[in-house]
Amino acid sequence: MTDEQWLRRESAALLALLDTCEKPDTWTSIANDCVLEGSAERIYHHHLDPSAHSLEREENDAYAIQGTLLDDPPSPTLVTRLENAYKIAEQRLDEWKRHGYDFMSVFDPRFPGQLRMTIDVPPFLFASGIIIPNETAVSVVGSRACTPEGAQFAIDCARMLTKRGIGVIAGLAKGIDTFAHKTALADGGANHRVHRHRHRPSVPGGEPRPAETHRKRRARAVPVHAGRRTDQTDVPDA
């Protein structure tokens with residue numbers, strides 16, 4: 001199995017688990033379980049048949065093994081839901097790829113390492129642009145209705161970070177975010193745009209859609225050009 005095939009299977013299993021998520025589980029708890037287990041696919045098969053597919057964390061835990069052996073088998077309804085969700089997940093992955101969405105599950109080597117270590121790690125991200133692993137970046141945030149002094153401070157911060165080769169993260173909100181974002185672009189620095197995805201691509205379940213991350217460099221072919229005003233309209237569905 002190639003790395004690409006492995007990652008696709010892990011991504012499909014993760015999406016299937018999210019699509020069939022029921023209380024008290026949440027997207028965050030499912031993502032954390034998958035990270036701790038080291039595999040969404042193992043958890044997916046464990047849900048299908050616990051007696052035939054034990055989890056690695058349970059193999060060294062006598063109480064967990066005993067609990068698994070005594071557990072009732074999954075209902076046929078749950079099995080059908082999981083299997084259908086897996087098929088839909090594969091279709092979604094293909095559709096997102098066709099539309100140019102760069103899907104990064106928590107198992108993707110490009111997924112930010114520090115974010116993966118957080119207690120509330122998102123199960124996946126969407127990205128566009130150039131992704132540099134372990135890159136240092138700083139978010140410059142503040143009031144939407146900032147004072148002239150606040151705007152100048154944001155500009156100075158972004159300029160200082162750019163000169164030091166540190167990326168600037170912007171949420172594209174009015175005020176401080178925009179001043180920092182535009183300054184980083186104007187100075188040719190690395191710029192990360194992070195925002196909520198409101199419409200597409202469609203994602204499983206009913207929880208809020210995950211943050212979509214964009215990384216742009218002015219030296220690259222991107223929809224942001226020198227001399228052109230940049231705002232939220234530059235980001236699809238922002």
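**Close-up views of a predicted model**

Ile 155 has a relative accessible area of 17%, so this residue is buried (under 20% relative accessible area; exposed is over 50%, partly exposed in between, with a 1.4 Å probe and protein chains only). The model is predicted: local features need pLDDT of at least 70, side-chain atom pairs count only at pLDDT 80 or more, and totals for chains, interfaces and linings use all residues. Residues are numbered from 1 along each chain as its sequence is written, and side-chain values use heavy atoms, with hydrogens and water left out.

**View 1. Ile 155 in helix H8.** Ile 155 has its place in helix H8. Helices (H or I, at least four residues) and strands (E, at least two) are DSSP runs, numbered from the N terminus. Leaving aside neighbours within four places in sequence, Ile 155 is in contact with Phe 179 and Thr 183; contact means heavy atoms within 4.5 Å. Ile 155 and Phe 179 are 24 residues apart along the chain, yet their C-alpha atoms are separated by 5.9 Å.

**View 2. Helix H8 against helix H9.** Two packed helices are described by the angle between their axes and the distance between the axes. The axes of H8 (residues 148-163) and H9 (residues 176-186) come within 8 Å and cross at roughly 35 degrees. Axes are lines fitted to C-alpha atoms, for helices over the stretch in contact, and angles run from 0 to 180 degrees between N-to-C directions. From H8, the contact is made by Gly 150, Ala 151, Ala 154, Ile 155, Ala 158, Arg 159 and Thr 162. H9 supplies Ile 176, Phe 179, Ala 180, Thr 183 and Ala 184.

**View 3. Lys 163 in helix H8.** Lys 163 is also found in H8. With a relative accessible area of 69%, Lys 163 is exposed. Lys 163 and Asp 187 are 24 residues apart in sequence and 8.4 Å apart in space, C-alpha to C-alpha.

View 4. A pair of aromatic rings is described by the distance of the centres and the angle of the planes. Rings of Phe, Tyr and Trp (its six-membered ring) pair if their centres lie within 6.5 Å; planes under 30 degrees apart count as stacked, over 60 as edge-to-face and the rest as tilted. The count comes to eight aromatic pairs. Phe 103 and Phe 124 have ring centres 5.0 Å apart and planes at 35 degrees, so their pair is tilted. Phe 103 lies in strand E1 (residues 102-105) and Phe 124 in strand E2 (residues 124-129), so the pair ties together parts that are 21 residues apart in sequence. Both Phe 103 and Phe 124 are buried. The ring centres of Phe 103 and Phe 126 are 5.7 Å apart with planes at 65 degrees, so this pair is edge-to-face. Phe 126 is buried as well. Ring pairs link Trp 27, Trp 96, Tyr 101, Phe 103, Phe 124 and Phe 126 into a cluster.

View 5. Most residues other than glycine have a negative phi, and most peptide bonds are trans. A cis peptide bond joins Lys 23 and Pro 24, with omega about 10 degrees. Pro 24 lies in the loop between helix H1 (3-19) and helix H2 (27-37). The buried residues of H2 are Trp 27, Ile 30, Ala 31, Asn 32, Cys 34 and Glu 37. Just after H2, Gly 38 takes a positive phi of about 85 degrees.
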